[in-house]
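Dear colleague,

I am passing on the structure below for you to look over. My notes on it follow directly after.

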Amino acid sequence: MSQAALPDDIAAQLAQAQAQGGGMPTQQNAAAAQQQKAEQEEARKEMLSQLLAPDAKERLSRISLVKPEKAKKLEEMVIQMARSGRLQKQLSDAQLKHMLEQISGGEDETKRNQIQFDRKRYDDDDSDIDLSEF
């Protein structure tokens with residue numbers, strides 16, 4: 001199986017194990033990688049709690065329940081802004097909304113989430129029996 005077909009974290013563990021002498025990753029290596037990932041996630045959450053105002057944190061948590069991929073993009077944008085020095089104070093809810101609109105591409109929510117019904121239309125088909133002749 002190629003490394004491209006594997007998920008990112010498994011592929012990284014496999015590459016690390018091969019670099020250390022080949023073979024599959026041991027349970028120790030997998031546990032260490034999992035612990036390191038948990039520590040990174042905890043540091044990420046701590047950084048976000050410092051960068052976001054309470055109302056913005058609440059909005060981000062609600063977004064993550066519904067659309068986790070958008071929440072992840074927002075988190076990445078906030079962290080990148082802080083690292084590049086573009087974020088001088090805590091991010092407000094209004095600023096977070098603006099960033100969310102940028103991620104959404106400015107599409108109208110009602111258009112994108114609109115449900116379309118495709119009803120079957122019963123036209124006069126040739127295969128139907130024509131009862132008017134009887």
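Before anything else, please bear in mind that this is a predicted model, and that confidence in the protein is lowest in helix H6, residues 109–112, where the mean pLDDT is 56, while it is highest in helix H3, residues 54–66, where the mean is 94. Over residues 1–6 the pLDDT falls below 50, and this stretch has seven contacts in the model once near neighbours in sequence are set aside. Where pLDDT is low, the predicted coordinates should not be read in detail. For the protein as a whole, the mean pLDDT is 79, with 68% of the residues at 70 or more.

As to the fold, the protein has six helices and zero strands, and its pattern along the sequence reads α-α-α-α-α-α. Of the 134 residues in the protein, 19% are buried, and the protein exposes about 11000 Å², of which carbon and sulfur atoms supply 50%.

The largest pocket has a volume of about 250 Å³, and it is lined by 14 residues, of which Lys 45, Leu 48, Leu 60, Ser 61 and Glu 75 are the closest to its centre. Helix H2 (27–51), H3 and helix H4 (68–84) are the elements that give two or more residues each to this lining, and H2 gives the most, with five residues. By residue class, the lining of the largest pocket divides into six charged, five nonpolar and three polar residues.

Why does Asp 93 count as buried? The reason is that its relative accessibility is 13%, and the cut-off for buried is under 20%. Leaving aside neighbours within four places in sequence, Asp 93 is in contact with Asp 55, Ala 56 and Arg 59.

With kind regards

Terms used. Residues numbered from 1 in each chain as written. Predicted model: local features only at pLDDT ≥ 70, side-chain atom pairs only at ≥ 80, totals over all residues. Heavy atoms only, no water. pLDDT = per-residue confidence, 0-100. Helix = DSSP H or I, 4+ residues; strand = E, 2+ residues; numbered from the N terminus. Contact = heavy atoms within 4.5 Å. 1 Å grid on protein atoms, 1.4 Å probe; cavity = no way out; pocket = protein on both sides within 12 Å on 5 of 7 lines; lining within 4 Å. Points joined across faces, edges and corners; volume = space filled by probe spheres on them. Nonpolar A, V, L, I, M, F, W, Y, C, P; charged D, E, K, R; others polar. Buried < 20%, exposed > 50% of the residue type's maximum accessible area, 1.4 Å probe, protein only. Areas by Shrake-Rupley, 256 points an atom, 1.4 Å probe, with all protein chains shown as cover.
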